[in-house]
Amino acid sequence: MSLKFPIYMDYQATTPMDPRVLEEMNPYFDDKFGNAASRNHSFGWEAEKAVDDAREKLAAVIGADPREIIFTSGATESDNMALKGVAEMYKKKGNHIVTSAIEHKAIIDSAKRLETWGFDVTYIEPPEDGITTAEMVENALRDDTILVSIMAANNEVGVLNPIAEIGALCRGRGILFHTDATQGYGKIPIDVDEMNIDLLSATAHKLYGPKGVGLIYVRRRRPRVRLSAIIDGGGHERGMRSGTLNVSGIVGFGKAAELCMEEMEEENIRLTNLRDKFKATMFESLEEVYVNGHETQRLSGNLNLSFPYVEGESLIMGLSDVAVSSGSACTSASLEPSYVLKSMGRGDELAHSSIRYGFGRFTTEEEIDYVAEKTTDIVNRLREMSPLYEMVKEGVDLSKVEWQSH
């Protein structure tokens with residue numbers, strides 16, 4: 001099989017749309033163009049039926065009631081709704097929120113905004129493996145805690161958090177639990193009842209669906225969760241999120257989720273094999289390669305590696321025919337080291353030399369082999385030009401060197 005360039009290995013940033021999803025969406029760009037809120041004629045009824053069908057498919061992924069699925073423009077909006085909506089609705093009960101320092105910026109920045117509104121936020125800093133444990137969460141709780149928000153899977157380093165344990169803890173304390181499942185929804189098993197999840201965020205473009213459509217799961221019973229709306233006008237989506245529904249996008253989201261559920265087990269096996277083969281090649285071919293995040297408790301399609309004595313940006317430039325990332329897509333405009341890796345205790349050098357390789361549905365073994373060989377060549381070439389690497393090879397302990405500035 002001949003390789004097609006450029007090679008895409010940034011599946012945590014976004015995914016290409018599956019042709020089967022596009023086929024499902026196409027009629028809703030053309031003949032089936034009705035507004036799902038138009039209840040007086042067949043065009044509206046047809047659109048509403050399509051939305052209801054998708055809602056059922058999306059709810060089934062997490063064991064929810066379809067009425068608990070609220071459509072949004074994406075996971076960023078869903079995360080904002082979860083934090084700000086709960087904070088506003090439950091502020092008389094308490095003003096303390098717990099999250100982690102390595103959440104997506106949609107959570108971090110929403111939490112920062114809440115701090116300006118007078119709320120207290122505790123940011124848990126997980127250890128080097130990147131996992132936020134239930135014990136860490138428990139130690140952060142207070143009598144006035146109203147919400148805990150911990151992601152199911154990290155977007156940069158791919159680690160999986162013990163969501164069920166954290167959910168059980170929160171349920172036992174009467175505290176609402178939100179998980180940003182953007183990276184995990186449709187890729188790992190999630191059951192909102194078994195895991196005691198009260199709110200959950202997801203988006204279509206991370207699972208081979210269209211951009212611009214997402215969801216928030218909001219529990220209806222035991223307990224009934226209420227949110228203050230952050231977008232007003234028309235009372236759509238149980239009054240929580242007004243606005244005309246993106247019918248074609250919702251149809252695509254539903255189809256993408258359905259395909260993920262049908263293929264999840266087989267896909268995870270295939271991606272784990274590809275990921276482990278790539279990792280093994282890196283460790284066999286290069287000295288000093290570090291895995292960022294837990295070795296095994298991670299997404300099957302994620303591998304975040306650090307190559308000391310190599311600038312991540314220089315490595316990416318060398319990989320000009322391969323799409324990879326040196327951080328999350330939402331922060332890639334910044335040349336600062338990854339805040340995720342820094343919060344996990346990685347020093348500037350390792351954080352600056354990190355590359356996130358994302359594997360997905362359309363990744364082939366030939367692509368894995370090519371990118372592994374190309375990465376090896378570039379790392380070796382860059383290290384040959386590094387005086388620091390030369391000093392290390394000569395046995396110099398860089399931590400004991402007294403550097404002088406002029």
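**Figure legends: overall view and close-ups of the predicted model**

**Figure 1. Overall architecture of the protein.** The secondary structure amounts to twelve helices and twelve strands. The radius of gyration is 22 Å, close to the 22 Å given by the globule rule for 406 residues, so the protein is as compact as a globular protein of that length. The coordinates shown here and in the following panels belong to a predicted model. Computed along the principal axes, the C-alpha trace covers about 75 × 55 × 40 Å. Of the 406 residues, 55% are buried. Among contacts between residues at least 6 apart in sequence, 74% join residues at least 24 apart.

**Figure 2. Surface and charge of the protein.** The side chains include 44 positive and 64 negative groups. The centres of these two sets are 7 Å apart.

**Figure 3. The largest nonpolar core.** This core comprises 56 residues. The residues with the most contacts inside it are I62, V148, Y185, I197 and L200. Two or more core residues come from each of the helices α1 (19–25), α2 (42–61), α5 (134–140), α6 (163–173) and α7 (247–285), and likewise from the strands β2 (69–72), β7 (199–203) and β8 (214–218). Helix α7 gives the most to this core, with eight residues. A second, separate core has 26 residues, among them V289, V371, A372 and V379.

**Figure 4. Surroundings of Y185 in the largest core.** Y185 is one of the residues with the most contacts inside this core. Leaving aside residues up to four places away in sequence, Y185 touches L58, V61, I62, I190, L200, A202, L207, L215, F253 and A257. Two of these partners, I62 and L200, are also listed with Y185 for the most contacts inside the core.

**Figure 5. Helix α7 at C260.** C260 is found in helix α7. With a relative accessible area of 5%, below the 20% limit for burial, C260 is buried. Apart from residues up to four places away in sequence, C260 touches G186, L207 and R361. G186 and C260 are 74 residues apart in sequence, yet their C-alpha atoms are 5.3 Å apart in space. L207 is a contact partner of C260 and also of Y185.

Figure 6. Most peptide bonds are trans. The bond from F5 to P6 is cis, with omega near -5 degrees. P6 is placed in the segment before β1 (7–8). R222 and P223 are also joined by a cis peptide bond, with omega about -5 degrees. P223 is found in the loop between β8 and α7.

**Figure 7. Positive phi at N196.** Most residues other than glycine have a negative phi. N196 is not a glycine, but its phi is positive, at about 55 degrees. The residue lies in the loop between β6 (176–180) and β7. N196 has 16% relative accessibility and therefore counts as buried, the limit being under 20%.

**Figure 8. Positive phi at Y208.** Y208 is not a glycine and has a positive phi of about 70 degrees. Its place is in the loop between β7 and β8. At 5% relative accessibility, Y208 counts as buried.

**Figure 9. E88 in helix α3.** E88 belongs to helix α3 (residues 75–89). A relative accessible area of 37% makes E88 partly exposed, a class that lies between the 20% limit for buried and the 50% limit for exposed residues. From E88 to S42 the C-alpha distance is 39 Å, and the two residues are 46 apart in sequence.

**Figure 10. R113 in helix α4.** R113 lies in helix α4 (residues 105–116). At 45% relative accessibility, R113 counts as partly exposed. The C-alpha atoms of R113 and T99 are separated by 14 Å, and the two residues are 14 apart along the chain.

Conventions
Residues numbered from 1 in each chain as written. Predicted model: local features only at pLDDT ≥ 70, side-chain atom pairs only at ≥ 80, totals over all residues. Heavy atoms only, no water. Core = buried A, V, L, I, M, F, W, Y, C linked by side-chain atoms within 4.5 Å. Buried < 20%, exposed > 50% of the residue type's maximum accessible area, 1.4 Å probe, protein only. Helix = DSSP H or I, 4+ residues; strand = E, 2+ residues; numbered from the N terminus. Contact = heavy atoms within 4.5 Å. Rg over C-alpha atoms; globule rule 2.2 N^0.38 Å. Lys, Arg positive; Asp, Glu negative; His and termini not counted. Charge placed at Lys NZ, Arg CZ, Asp CG, Glu CD.
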